Amino acid sequence: MAQSFNAAEMIADDKKYVWHHLTQHKIFEKADPTIFVKGKGMRVTDIHGKEYLDAVSGGVWTVNLGYGNETLTRAVSDQLMELCYFANGYGNIPTIRFSKKLIEKMPGMSRVYLSNSGSEANEKAFKIVRQISQLKHGGKKYKVVYRNRDYHGTTITTLSACGQEERKMQYGPYTPGFVEFPACSAYRSPYPAGTPNLGEKFARELEAVVQKEDPDTVGAVILEPITAGGGVIVPPEGYFETITEICKKYGLLLIIDEVVCGLGRTGKWFGYQHFNVKPDIVTMAKGVAAGYAPISCTVTTEEVFQDFIADPADRDSYFRDISTFGGCTAGPAAGYANICYMEEHHVLDNVVKMGEYLMDGLKALEKKYEIIGDVRGKGLFCGLELVKDRATREPVSEAVAGAVVGECMKQGVIIGKTSRCFREFNNTLCLAPALITTTAELDEILKALDNAFKVVKA
C-alpha cells in the first residue's frame, strides 16, 4: 500500500525530530534534507518525485539485489508471521537453514554467530580473540593488529581498530591493545616504482609490528580483503599469501572483515576468495540480507569454535556473549532467500560481466580526464582516486571530490566518495551498483561521471 503524506510536513518534521547519520545539521537552515520514499530495481524516488539511479546500493553498499525484490520481501514477511523472534540461546528454523547455506559457500569455515551490524560482528571477533587469550595463553596474547586505511566499525572498540584518523577524532581514549601497521596501496606505495614482490613487502610490515610488540602478546590481525571506505584498495599479488605465512609463524588468528565485500560484491561469494588465504574468523553484514533485514555474522573455523568447548562445570569456558537482535528471524530468513536468489539467477556471473564492463568504461574516462589518477577495484566495487597532478599524485581536496558527487546527483545519479576519513586522502569516488545492474544502467553512471568531469576541475 502506497504511503500517504504531505511533503512539506514531512520535511519540517524531519528537520525537527530526526538526527541524521554523518550530517552537520546546520546545513538544513538553508537546504532541505533529501528524503527518499520508494525504490524499485536500482532507482529510488525522493519526496518531490525526482528519480535517481542508485550507484552505491543504498548509500553504504548494502542493497545488493536492488529495491522491491519480491522474493526477499516475501521471505521476511512470511517468517515474521510464523515466528518473529526468540533469543538465540535457543534455535529456530531460518537461522539453521541460513547458517548451513552460508557455510556451504565458505570452505574451511564451520560456525555462524548472528548479530545485527558489522560493528557488532567485529566486536564479537575481538571478544573471541580476548577470551581465547584467557583460555589458552594466560591472558597474554590479547593484542589485535589492524591496517592503516581499513575500517571495522563505529563502536569505541572497533574504532580502536580503525585506520582512518578523522573517523576517530574526538572519541578517545580508546580500548588498549590495538596496534596499526601500514596500508597496502600500490598507487601510494613508499617503495620505488617497479619494486618486485610488492605484495610481500607490504605484508612484511605486519611482521615488523608483531615483532616490535612481542609475538607472545599479539593474538590476531584484522583486514578487509579490499579496503573499502578507505579508498577501494586492492592488495598487490602475493600479499595475502605472506600474511597467512606470518599468522602461522606467530600463532595469530586471521580475521577477515567482509562487511562490504561479502556476498558477491567482488564477483565471488567473498572478497578473500580472490586470494590464496584461509581465515580463522570472517565477519560480514551489509549485503548478507541485501538490506531487507538487519543481520551480521561472525563466522569461525571449527578449531576456533572448539576452543570454547569444555566441561559445563567450567563456568568461564563458553562464549559469554549475546546479541538481542541476533534472535530476530527476519535477518536469517532474508539471508537464506538472498543466497538462493543469487544462485537461481546466476548473480555472480552478472557481477563478473558487468564489473568488466564498468571497469572498461572507467578506464576510458581515466584516459580522457587528467583529474583521475587511478582506477581500481574488483567486480562491482570500483574506486576512482582524484588528483591535482598525475606526476606528483597530489590528492584533490574533499570539496572537489564532493563537487563531482554533487554534479552526478544533479543528473539523477547517486555515487559515493571517501568522506571525513583522512586529513588529505578524502579523494576517492566509490561505485558499488546493485549486483543485478545492466549495461544500460552502467552507461547512465558513466555518462553522469563524464559530464561531471567536464565541469569539475582539480
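This note sets out numbered remarks on the predicted model of the protein chain.

1. Overall fold and dimensions. The protein chain contains 14 helices and 16 strands. Its C-alpha trace extends over about 65 × 60 × 45 Å along the principal axes. The radius of gyration is 22 Å, which agrees with the value near 23 Å that a compact globule of 458 residues would have.

2. Burial and contact order. Buried residues make up 53% of the 458 in the protein chain. When contacts between residues at least 6 apart in sequence are considered, 71% of them join residues at least 24 apart.

3. Surface and charge. The accessible surface of the protein chain amounts to about 21200 Å², and carbon and sulfur atoms account for 53% of this area. The side chains include 53 positive and 56 negative ones, with the centres of the two sets 2 Å apart.

4. Arg149, location and burial. Arg149 belongs to the loop that runs between β5 (143-147) and α6 (156-159). Its relative accessible area is 5%, and the residue is therefore buried, the limit being under 20%. Between Arg149 and Glu104 there are 45 residues of sequence separation and a C-alpha to C-alpha distance of 31 Å.

5. Arg149, surroundings and backbone. With neighbours within four places in sequence set aside, the contacts of Arg149 include Gly163, Gln164, Ala183, Arg188 and Glu224. Thr227, Gly230, Gly231, Ile233, Phe422 and Phe425 are also in contact with Arg149. The phi angle of Arg149 is near 85°, a positive value in a residue that is not glycine. Most residues other than glycine have a negative phi.

6. His346, a further positive phi. His346, which is not a glycine, has a positive phi of about 50°. This residue is placed in the loop between α11 and α12 (347-368). Is His346 buried or exposed? The relative accessibility of His346 is 51%, so the residue counts as exposed, for which the threshold is over 50%.

7. The cis peptide bond. Gly172 and Pro173 are joined by a cis peptide bond, with omega at about 5°. Pro173 is located in the loop between α7 (165-168) and β6 (178-181). Most peptide bonds are trans.

8. Ser317. The loop between α10 (302-306) and α11 (330-344) holds Ser317. This residue counts as buried because its relative accessibility is 5%. A polar atom of the Ser317 side chain lies 2.9 Å from the backbone oxygen of Asp314. Apart from residues up to four places away in sequence, Ser317 touches Gln131, Leu135, Phe308, Ala310 and Asp311.

9. Thr437. Which side chain forms a polar contact of 3.4 Å with that of Thr437? The partner is the side chain of Glu441. Residues up to four places away in sequence being left out, Thr437 touches Met42, Asn350, Met354, Leu380 and Leu442.

Definitions and conventions
Residues numbered from 1 in each chain as written. Predicted model: local features only at pLDDT ≥ 70, side-chain atom pairs only at ≥ 80, totals over all residues. Heavy atoms only, no water. Helix = DSSP H or I, 4+ residues; strand = E, 2+ residues; numbered from the N terminus. Rg over C-alpha atoms; globule rule 2.2 N^0.38 Å. Buried < 20%, exposed > 50% of the residue type's maximum accessible area, 1.4 Å probe, protein only. Contact = heavy atoms within 4.5 Å. Areas by Shrake-Rupley, 256 points an atom, 1.4 Å probe, with all protein chains shown as cover. Lys, Arg positive; Asp, Glu negative; His and termini not counted. Charge placed at Lys NZ, Arg CZ, Asp CG, Glu CD. Polar contact = N/O pair within 3.5 Å; in protein donor to acceptor, adjacent residues only side chain to side chain.
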